[in-house]
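Hi,

Here is the structure I promised to pass on to you. Have a look at it first, then read my notes below.

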Amino acid sequence: MKNVQGTTGLIFNEPLLWEKGKKGRCGFSLPVRDVKKYPLDKQFKGDGPDFPDLSEVDVVRHFTRLSQWNYGVDSGMYPLGSCTMKYNPKCNEKQANLDGFAGAHPLLPSRLSQGALRMMYELERLLAEITGLDAVSLQPAAGAHGELAGMLIFSACHRSRGSLRSKILIPDTAHGTNPSSSALCGFHPVPVTSGGNGILTPESISEGMDEETAGIMITNPNTLGLFEENIREIARIVHSKGGLVYVDGANMNAVMGMVSMGDIGVDAMHLNLHKTFSTPHGGGGPGSGPVCVAKFLEPFLPVPRIVKEEGGYSLSYDFQDTVGKLHAFHGNFGVLVRAYSYILTMGENLKKASQLAVLNANYIKERLKDVFHLPYDRPCMHECVFTDKKQQAVKIATLDVAKRLMDYGFHPPTIYFPLVVHGALMIEPTETESREDIDLLIDTLKTIAEEAEEAPERLHEAPTAPKVRRMDETAAARTPCLAG
Amino acid sequence: MKEITELNFPEDIRYSKDHEWGKSIDGKVRMGISDYAQDQLGEIVFVELPEVGDIFQKGEECGTLESVKAVSELYMPVGGAVISVNSQLEDSPDLVNSEPYGSGWIIDVAPSDASEMDELMDRDRYMEELKGIEP
Amino acid sequence: MRYFPHTSEDIAAMLKVVGADTLNDLFSTIPEDCRRKEGLSLPEAMTEWDLNRHMRELSRDMAVCPDYKIYLGAGSYEHYIPASVSYLLERSEFSTAYTPYQPEISQGTLQAMYEYQTLVTRLLGLDVANASMYDGASALAEAFKMSFNIKRKKKRVAISGLVNPLYRRVVETYFAPTEYRVVALPYCKNGTTDLSAIGEIEELAAVAVQSPNFFGCIEDLQSAAEAAHKKDALFIACFTEPLAYGLLKDPGCQGADIACGEGQSFGIPQSFGGPGLGMFAVKTDYVRKMPGRLVGRTRDVDGKEGFVLTLATREQHIRREKATSNICSNQGLCALTAAMYLAATGGVGIRDLAGLNRDKTEYLKERLGEAGLKVAFEAPTFNEFVVAFPESFAAKHEELIEKKIVAGLPLVSYYPELAHHYLLCVTETKTRDDLDALVAEITS
């Protein structure tokens, strides 16, 4: 590599908030006091929190400096498998910040909130169209929350049929939230082993599916980046024993406009708006995980639902069979606005997005398969999975490759997931990455593979460029220091 | 992670297929995890111990060992009541790594069925088992 | 399309490398019978300019300040957001960053989260706070779940009837498919929780009381904590308006084991109810049973100080079905917002702001009282209170809406016994003139 791209901006060592500041400083413009002080009983009065006092300059510089140590999608590529780190359009931010949306109280009478209600109603319709399902709730605040909604719906549906189901089938490629969400609803996860070619076989489903099993939670395309080709047969088997099919829609970016989930036997699924629908990740959230269901499951959706009538839109709790409520209000509305704006901006281009995402991933797969071991040498969807098998021969692990990538200005791909592949390195470029940037990633990984052979200490020592190097995670876990 | 030949397996104790060891000491059974297990787990940051007086069957889960990136369940090599736990592990969980057979012992059990010890493997048998495990 | 960098040359060259003729060929592994028969039926793609126009139209069909004067609280609060905070949040290194799983290039997010965690512990008087949950309601549900995990043999929890009714509904939803039971505690005439019922309940894992409660009244958290601990149960103090703790005694010093609630008041726009911020703090003893991400301080291989996500073995990606929670994405950017807001207000600012909120509310209470209207509950309040209006007020409330004033939230749908009762909220955003005008309108 001729030039190191660099990893962070100017480096400052910035103290913690309470290490800065001085008593008497103020960073806030307090409104004028135009009423007198009213005494409060000593029983209730506290001393107030031990917060630092900072000037506005202190605050702005502090967080500006902190931001400069971060990497974001706006800094460079995040080839994180199953995260769909696509570009976050700025005009969508503008819409979420419109006064009418940002300043709205969630409990306004319906007639005073028609704009928001109409937007949500239309978004429900758009997501129903994209997934091929019939009814949607925008309430879940994240994918895992959507999964919880789905599992609650399955539980309610089975109970309404007088059927006691205590188990659920979960493929070995599943994301950790899948067994975790189902356990919250009292479903014991039963693992299903994927076949030799990386996808589920109808036989393994037949074996596991019985009348005590609520159904299956399947990710499609799966976390190996492969389309679950047997899904129709799998759905048939599950349905034949009275079970239900739930799809974790985290990988929806691969199949928009190509597959209708409703048509292939899916009864319920969630979407991740912060993945497929371009809303920003925010350093961990907020996301949004709407749940989409087939008609027969509509009565169980969380409340309130948006109802369209003669006079306009309103929120209704009048649904007897609802599973209840998952969020205090209506979900992460601000995130919904961004996703809605994205869909309106893209229109049919959503299909092109999926096609280009899949093209990018296959291109990477073809060009790197001689450099890194590719456990499944078949056409992939929007992501591909490699392993460190070749590099293990020279005592280099996936972790070392990931850390070295940072020295070259990239965020690493997803590592050590899915668990079914030892030393997994999962790459998802998304459609918003250009060929040049992808070529740069490929060339960088090739260089790193060479370094692994010729100068492995560079990988073991990596990263050396960022603000800090490898952290002592053992000490952090043994003697946690979680507040200052 | 080390090669099997680099690991230590004392002769005078017995081993379970879940990589625990058991040692009879004056009628009670002391248990811990093998050198292979601690090497696989990595640096241990926390040990969740059962309460004294808890009763478990052979093979039942009685606690957990946490490293930074993984959690491993502890299974009873023999069934019985827990008569004492190694409270040193609260402040020094790393003892399980450094002295898995000595000061890194985990619990003492009053065995409900003495013959269960015989069902465990001796050192040679255990090492054979380990060689059969895929790297 | 401006989000697609690929030119037709790029596509052709890449297809060649892959060995496919067209983009459609890339989907060869999708069986025919799994393919969509028709294309997506979506509205035609909008240009940026059309989108702006469309969204402006929708957003105008909303009642917001300054056009409207809205006296609503009930879990969502109108507070001033300083320009410095809004500005800082536009730094895309924060907003477009992923979860800080690779700490070396996420020290910005990690330090900010550590600062957030610390400020929360200081506000609530507890030892450890997590990096956020979805909102106050789900945080409460998770607090109960955590209690069942700690008090293993217990199957019941008690929740005050004056916890926000929407929160109570969420809690019920979370526990519906389980063997656990949630018992509601009644309230007293003075507008606070009737703690006497706690003594009767067996197998209690936890008791939760909200303060200030849904009626705006300040609860005696100390007595509630004592009653809970007597039953060997944990005490959960929850809240919807954390600004109150700039003035009131914190939950920790009154005996709370867990404090959780909504942090939207700290610089986060109301935004029709979301995204919000689930705040969650516990005593050190319980840290390993806590849900949510935790940021810890440590050193790197060179001995340099830094921050990292820690105690991850509690979480779903490692523990799977045995995790403390299924939470993955949280409300990270909202937690960052709160940290920025609290850094801006500082110790002095938050005390002044809290005082101002209460004093303006007391002023309105006083004026309404003078006008002959009845404040329903006599317990001291923070920035919300309930008025028992005459039956004729329903029509007046509607009239006021036509005049662009939303004079409180009718309570009858939440508490059928409280017909004609309205919950009013006053924050620092209302001037004395506003309040005088409101009283004049109400009594006209």
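171 residues of chain A are in contact with 169 residues of chain C, where contact means that the C-beta atoms of two residues, placed from the backbone, lie within 7 Å. Helix H10 (residues 349-368) of chain A gives the most to the side of chain A that touches chain C, namely twelve residues. Sorted by class, that side of chain A holds 86 nonpolar, 54 polar and 31 charged residues. (Nonpolar covers Ala, Val, Leu, Ile, Met, Phe, Trp, Tyr, Cys and Pro; charged covers Asp, Glu, Lys and Arg; the others, Gly among them, are polar.) Between chain A and chain B, four residues of chain A are in contact with four of chain B. On the chain A side these are one nonpolar, one polar and two charged.

Before you go on: this is a predicted model, in which local features need pLDDT of at least 70 and side-chain atom pairs count only at pLDDT 80 or more, while totals for chains, interfaces and linings use all residues. Residues are numbered from 1 along each chain as its sequence is written, and chains are lettered from A and ligands numbered from 1 in the order in which they are written.

Now chain B. It has four helices and nine strands; helices (H or I, at least four residues) and strands (E, at least two) are DSSP runs, numbered from the N terminus. The radius of gyration of chain B, taken over C-alpha atoms, is 14 Å, close to the 14 Å from the globule rule for 135 residues, so chain B is as compact as a globular protein of that length. (That rule is 2.2 Å times the number of residues to the power 0.38.) Of its 135 residues, 36% count as buried. Buried means that 20 or more other C-beta atoms, placed from the backbone, lie within 10 Å of the residue's own; 12 or fewer means exposed, and in between is partly exposed.

On to chain C, where an open sheet of seven strands runs in the order E2-E8-E7-E6-E5-E3-E4, with mixed pairing. Strands pair if DSSP finds at least two bridges between them. Strand E2 (128-129) and strand E4 (181-185) of chain C are at the edges with a single partner strand each, so one side of each has no neighbour in the sheet. Further in, E6 (residues 234-239) and E7 (residues 258-262) of chain C pair in the parallel sense over four bridges, and C:Ala237 stands opposite C:Ala259 in E7(C).

What about helix H8 (residues 221-230) of chain C: which residues are buried? They are C:Leu221, C:Ala224, C:Ala225, C:Ala227 and C:Ala228. Seen down the axis of H8(C), they fall within an arc of 165 degrees, so they line one face of the helix; the arc is that of the directions from the helix axis to the C-beta atoms. Strand E5 (204-210) and E6 of chain C are among what covers them.

Most residues other than glycine have a negative phi, and most peptide bonds are trans. The bond from C:Ser211 to C:Pro212 is cis, with omega near -10 degrees, and C:Pro212 is in the loop between E5 and H8 of chain C. C:Ser132 has a positive phi of about 120 degrees and is buried, with 33 other C-beta atoms within 10 Å. C:Lys404, with phi near 65 degrees, is partly exposed, with 14 C-beta neighbours inside 10 Å.

Cheers
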